[in-house]
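Open the structure in your viewer and keep the selection tool at hand. The tour goes from one selection to the next and says what is there.

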Amino acid sequence: MTTRRALLQLAGLMSLAACDERPAPAAASDRLIVETTDGLAVVDSTTGRATVPAGPSVVTGDWTRLVRTDWTGKGTRLATHELPGGEVVAGGTLRDRLEARVVSPDGRLVALASPKGPRSRTTVVVADSSGERVRVDLPGNLEPEAFDATGQFLFVLDYLPPTAPDRYRVRAIDLGARALQPLLTRTKSVVPAGAEEEMRGQGRQSVYDPVRGQLFTLYTHQPDHLHTRDLLAGARDSAPHVHAFVHTLHLTERWAYCIDLPEPFGARAAEGHAIALSESGNRLCVVDATTATLATIDPTALNVVSVRPLPAPSTPAPPQPC
């Protein structure tokens with residue numbers, strides 16, 4: 001399962017360009033945040049040298065800081081790097097082996113968790129620049145996904161079954177009560193037991209919308225998936241099954257809602273999909289690079305407004321003879 005969001009993807013840039021809002025080209029002295037098999041790294045675009053080495057790390061929503069963790073053998077060393085230069089501006093050591101997972105929208109808090117893998121219990125620690133603030137040890141295989149806007153709740157992926165996971169659901173930890181809770185529906189009612197969506201998450205990618213306070217996550221290649229709204233309506237076998245959708249998580253009101261994507265989205269390899277928010281924030285774009293298809297979503301109304309082929313890439317003119 002792919003559980004980390006992709007931070008740099010060609011298809012994501014394609015979707016921005018297809019939305020007619022092209023990102024500015026990188027300057028010669030820019031630092032790039034690159035996702036590697038070992039974790040995130042900050043690389044000088046001119047020399048290719050890593051100014052912050054790869055490792056378990058996360059970036060703040062405004063891309064101004066990167067929080068990195070290292071296991072020392074006795075504890076977890078936590079370091080906050082100022083971007084783009086990579087200078088360490090805060091740090092400390094926490095007990096137990098932990099890895100940074102997510103940062104709060106305002107950049108004050110970081111959530112760390114036990115190393116990834118099948119497990120029956122999970123330690124989650126919330127820390128700030130002064131050190132550890134909250135520690136919870138809960139049954140289950142939990143992965144922090146996002147803080148709510150207040151910093152009082154932490155959304156997590158709850159993997160099922162914990163020691164041999166093949167699916168997961170999104171839940172919330174009440175950091176004050178140190179307890180797991182289900183999400184709310186868009187009408188702000190609690191999702192009852194048996195109606196929580198369980199997802200398989202192939203090709204998961206996320207993008208944060210700071211204006212609306214919403215986290216959009218793309219799920220692709222979901223065989224026979226039923227949404228909470230289908231389960232609440234009593235549909236088990238008769239509802240239309242979808243293979244790709246955008247899961248919307250409201251970080252202030254703690255509700256979730258899914259935007260279905262039409263075919264061909266989700267029908268092919270998950271690696272060929274990407275999601276991005278336009279520079280103005282008025283459009284959410286999803287690309288299926290395998291079929292060169294672009295879906296445009298209204299991030300306020302939460303519906304698909306258009307599906308069209310991607311324009312063919314332009315071919316540079318050949319050099320002219322002198």
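A salt bridge here is a side-chain nitrogen of Lys or Arg within 4 Å of a carboxyl oxygen of Asp or Glu. Side chains of opposite charge can pair when their charged atoms come close. This is a predicted model, in which local features need pLDDT of at least 70 and side-chain atom pairs count only at pLDDT 80 or more, while totals for chains, interfaces and linings use all residues. Residues are numbered from 1 along each chain as its sequence is written, and side-chain values use heavy atoms, with hydrogens and water left out.

**First selection: Asp-158 and Arg-169**

These two side chains form a salt bridge, with 3.0 Å between the closest N and O atoms. Asp-158 belongs to strand E13 (residues 153-160) and Arg-169 to strand E14 (residues 167-174), so the pair ties together parts 11 residues apart in sequence. Strands (E, at least two residues) are DSSP runs, numbered from the N terminus. Both Asp-158 and Arg-169 are buried; buried means under 20% relative accessible area, exposed over 50%, and partly exposed in between, with a 1.4 Å probe and protein chains only.

**Next: Asp-137 and Arg-121**

Select this pair to find another salt bridge, at 2.9 Å from N to O. Asp-137 is in strand E11 and Arg-121 in strand E10 (residues 121-128), so the bridge ties together parts that are 16 residues apart in sequence. Asp-137 is partly exposed, at 41% relative accessibility, and Arg-121 is partly exposed at 42%.

**Next: Asp-96 and Arg-135**

Their side chains meet in a salt bridge of 2.7 Å, N to O. The pair links distant parts of the chain, 39 residues apart: Asp-96 sits in the loop between strand E7 (87-94) and strand E8 (99-103), and Arg-135 in strand E11 (residues 131-139). Asp-96 is partly exposed, with a relative accessible area of 35%, whereas Arg-135 is buried at 17%. The structure holds 14 salt bridges.

Which order do the 3 strands of the open sheet have? The order is E1-E2-E3, with antiparallel pairing. Two strands pair if DSSP finds at least two bridges between them. Strand E1 (31-36) and strand E3 (50-55) are the edge strands, each pairing on one side only. Strand E2 (residues 39-44) pairs with E3 in the antiparallel sense over 3 bridges. Select Val-42 and its bridge partner in E3, Val-52.

Key: Helix = DSSP H or I, 4+ residues; strand = E, 2+ residues; numbered from the N terminus.
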